[in-house]
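Dear colleague,

Please find below the structure that I am handing over to you. My notes on it follow directly after.

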Amino acid sequence: MAILCNRILLTGAAGGLGTQLRPFLRERCNHLRLSHLRPIELADPSEEMATLDLADFSKVLEATRDVDAIIHMGGISKENTFESILQGNIRGMYNIYEAARLNNVKRIIWGSSVHAVGYHKRTDVLQTDCVTRPDSLYGVSKVFGEGLAQYYFDKFGIESVTIRIGSSFPEPSDWRMLSTWLSYNDLKHLIERCLIVPKVDHTIVFGCSNNDQSFWDNSKVGYLGYKPKDNAEDFRPNLESSVTKPPYDDTVISYQGGAFVAAGHFEDK
Ligand code: 15L
């Protein structure tokens, strides 16, 4: 396997996607620095641990030292109180970018979300430069992150790939995921492309597999060379036999953000 970087920082290393990416990235760099809130047992001499809270700037500054690229999958991964979103995703994202600037990190690849555009209808086919329509405070924090990535590119030349991840799970488990599913293999291929392509400026790409029912069109960012192979359609028979199909006009299915749109405002609960 070709070594792509000397040292990569992977945030959220013990989370769902971090766990998938860890062995994959380990083969593509000399040193893989893992960051998480709690210590993780190291699996290889090439791994290093950076235990940290993303809201703690001095810790993030230390963790980004001597790093060539950051794969930022950490932070809050669904709707929560504004206070939690503020610390984990807004302050956390700022800390990553500001620390990257001070430590001269060249490229950041990070997980934005379908929830940055969740209020678009399922009938809209979105281009990567579409307007954002967040469906939650979580989605708003992703829009903040997308703005931050653009700002740090325009002002400081730090390159980023913002991946608007759909639903990255072992397989689609509801009807909406026929459109939003991102297989783990396609995620890994996409991350590899984001590391390899020589020039990305700030690119926004939808993180989805090659789904027949996709809401998204990545053709404007063809230069990434992302060619997903999996298709959620292969799982339709499983869904048909095990998951009730919601009526077509149900909010959970009629908006791209699904349950996040249907859920109402978190702070009212
Ligand atoms: C996300 O952004 C979440 O992190 C993930 O857990 C799923 O809920 C996904 O969106 C989705 O909407 O399927």
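How far does a polar side-chain atom of R176 lie from an oxygen atom of the ligand? The distance is 2.8 Å. Please bear in mind that this is a predicted model, and that the distances below are likewise computed from it.

In H115, a side-chain N or O atom is 2.6 Å from an oxygen atom of the ligand. In Y138, the corresponding distance between a side-chain N or O atom and a ligand oxygen is 2.7 Å. Taken on its own, the ligand has 320 Å² of accessible area, and the protein covers 78% of this.

As to its location, the ligand sits in the largest pocket. The residues surrounding the ligand are S77, S113, V114, H115, Y138, G166, S167, F169, R176 and F260. By class, this shell comprises 4 nonpolar residues, 5 polar residues and 1 charged residue.

I also looked at the cysteines. The structure holds 0 disulfides. Two of the cysteines illustrate the reason.

- C130: the closest cysteine sulfur to that of C130 belongs to C208 and is 12 Å away, which is too far for a bond. A disulfide requires the two sulfur atoms to be within 2.5 Å. C130 is buried, and its relative accessible area is 17%.
- C194: here the closest cysteine sulfur is in C5, and because it is 12 Å from the sulfur of C194, the two are too far apart for a bond. C194 is also buried, with a relative accessible area of 0%.

With kind regards

Conventions
Residues numbered from 1 in each chain as written. Predicted model: local features only at pLDDT ≥ 70, side-chain atom pairs only at ≥ 80, totals over all residues. Heavy atoms only, no water. Near = heavy atom within 4 Å. Polar contact = N/O pair within 3.5 Å; in protein donor to acceptor, adjacent residues only side chain to side chain. Areas by Shrake-Rupley, 256 points an atom, 1.4 Å probe, with all protein chains shown as cover. 1 Å grid on protein atoms, 1.4 Å probe; cavity = no way out; pocket = protein on both sides within 12 Å on 5 of 7 lines; lining within 4 Å. Sits in = over half its atoms within 2 Å of the grid points. Nonpolar A, V, L, I, M, F, W, Y, C, P; charged D, E, K, R; others polar. Buried < 20%, exposed > 50% of the residue type's maximum accessible area, 1.4 Å probe, protein only.
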